[in-house]
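Me: I want to learn how to read a few features of a protein model. Can we go through them one at a time?
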Amino acid sequence: MSRAVLSIGSNLGDRLAHLRSVVDALAAHVVAASSVYSTAPWGGVPQQHYLNAVLVVDDPAAGPRDWLHRGQELERAAGRMREVRWGARTLDVDVLWCAERRPEGLRVVRSTDPTLTLPHPQAHNRAFVLVPWLEVEPDAVLEAQGRARPIRDWLAELAAAEIEGVRITELTLRAARP
């Protein structure tokens, strides 16, 4: 029923293992996975750097709220505590964008519900989201501020220092096979 773009991040504990737990749990639905990036924390709360990535997922049986609930379940399984807004976390899974399958094609889901605002209201402001998303979907379009624009255009408007702070790593979301 839907295709979604998920942003995943971690800056506590075994950061890479937390990201891989999402890929493993959603493996049957992962269409694309970005590289793993090291990024400075966003939001002004002092903390260590994050590992971030973006997943494109597709599930004919899932709707937008299903992606939200799956993400929240994975956060809970990783011991996520919601104590400080934009604070450190073992795992963060955000639904950035979602589209439902219709006979005429994909239809972007728009929601102003505070528990699931779609498209994500801050995605266009975050290089740690846009850089990995651009990697896996170079032609993606994001609606924000009443305008639908290619994500590369949103990214081009961000400060160079913020974009340069999103550094690709040699880490991979796929665990090495024994």
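Me: How accessible is E143?

Reply: This is a predicted model, and the accessibility is computed from it. E143 has a relative accessibility of 26%, so it counts as partly exposed.

Me: Which side chain does E143 meet in a salt bridge?

Reply: The partner is R110, with N and O 2.7 Å apart. R110 sits in the loop between β6 (105–108) and β7 (111–113), while E143 belongs to strand β9, so the contact ties together parts 33 residues apart in sequence.

Me: How many salt bridges are there by this rule?

Reply: The rule asks for a Lys or Arg side-chain nitrogen within 4 Å of an Asp or Glu carboxyl oxygen. The count is eleven. One of them joins E137 and R3, whose closest N and O atoms are 3.9 Å apart. This pair links distant parts of the chain: E137 is in the loop between α3 and β9, R3 is in strand β1, and 134 residues separate them. Both E137 and R3 are buried.

Me: Which residues are linked with R3 and E137 in a network of salt bridges?

Reply: D58 and R101.

Me: What about the salt bridge of R70 and D59?

Reply: Its N to O distance is 2.8 Å. R70 is in helix α2 (residues 64–77) and D59 is in strand β4, so the bridge ties parts eleven residues apart in sequence. R70 has 24% relative accessibility and therefore counts as partly exposed. D59, at 6%, counts as buried.

Me: Why is strand β1 largely enclosed by the rest of the structure?

Reply: Look at burial along the strand. Nine of the nine residues of β1 (residues 2–10) are buried, so the strand is largely enclosed. Both faces are covered. S2, A4, L6, I8 and S10 are buried on one side, and R3, V5, S7 and G9 on the other.

Me: Which strands pair with β1?

Reply: β4 (residues 50–59) runs antiparallel to β1, joined by nine bridges. There, V5 has V56 as its bridge partner. β5 (residues 92–102) is also antiparallel to β1, over eight bridges. In β5, G9 is partnered by D92.

Me: What should I look for in the backbone angles?

Reply: Most residues other than glycine have a negative phi, and most peptide bonds are trans. Q145 is not a glycine, yet its phi is positive, about 55°. Q145 lies in the loop between β9 (141–144) and β10 (147–150). Q145 is exposed, at 58% relative accessible area.

Me: Where is P119, and is its bond from L118 cis or trans?

Reply: The bond from L118 to P119 is cis, with omega near -15°. P119 is in the loop between β8 (116–118) and α3 (127–136).

Key: Residues are numbered from 1 along each chain as its sequence is written. This is a predicted model: local features need pLDDT of at least 70, side-chain atom pairs count only at pLDDT 80 or more; totals for chains, interfaces and linings use all residues. Side-chain values use heavy atoms; hydrogens and water are left out. Helices (H or I, at least four residues) and strands (E, at least two) are DSSP runs, numbered from the N terminus. Buried means under 20% relative accessible area, exposed over 50%, partly exposed in between (1.4 Å probe, protein chains only). Two strands pair if DSSP finds at least two bridges between them.
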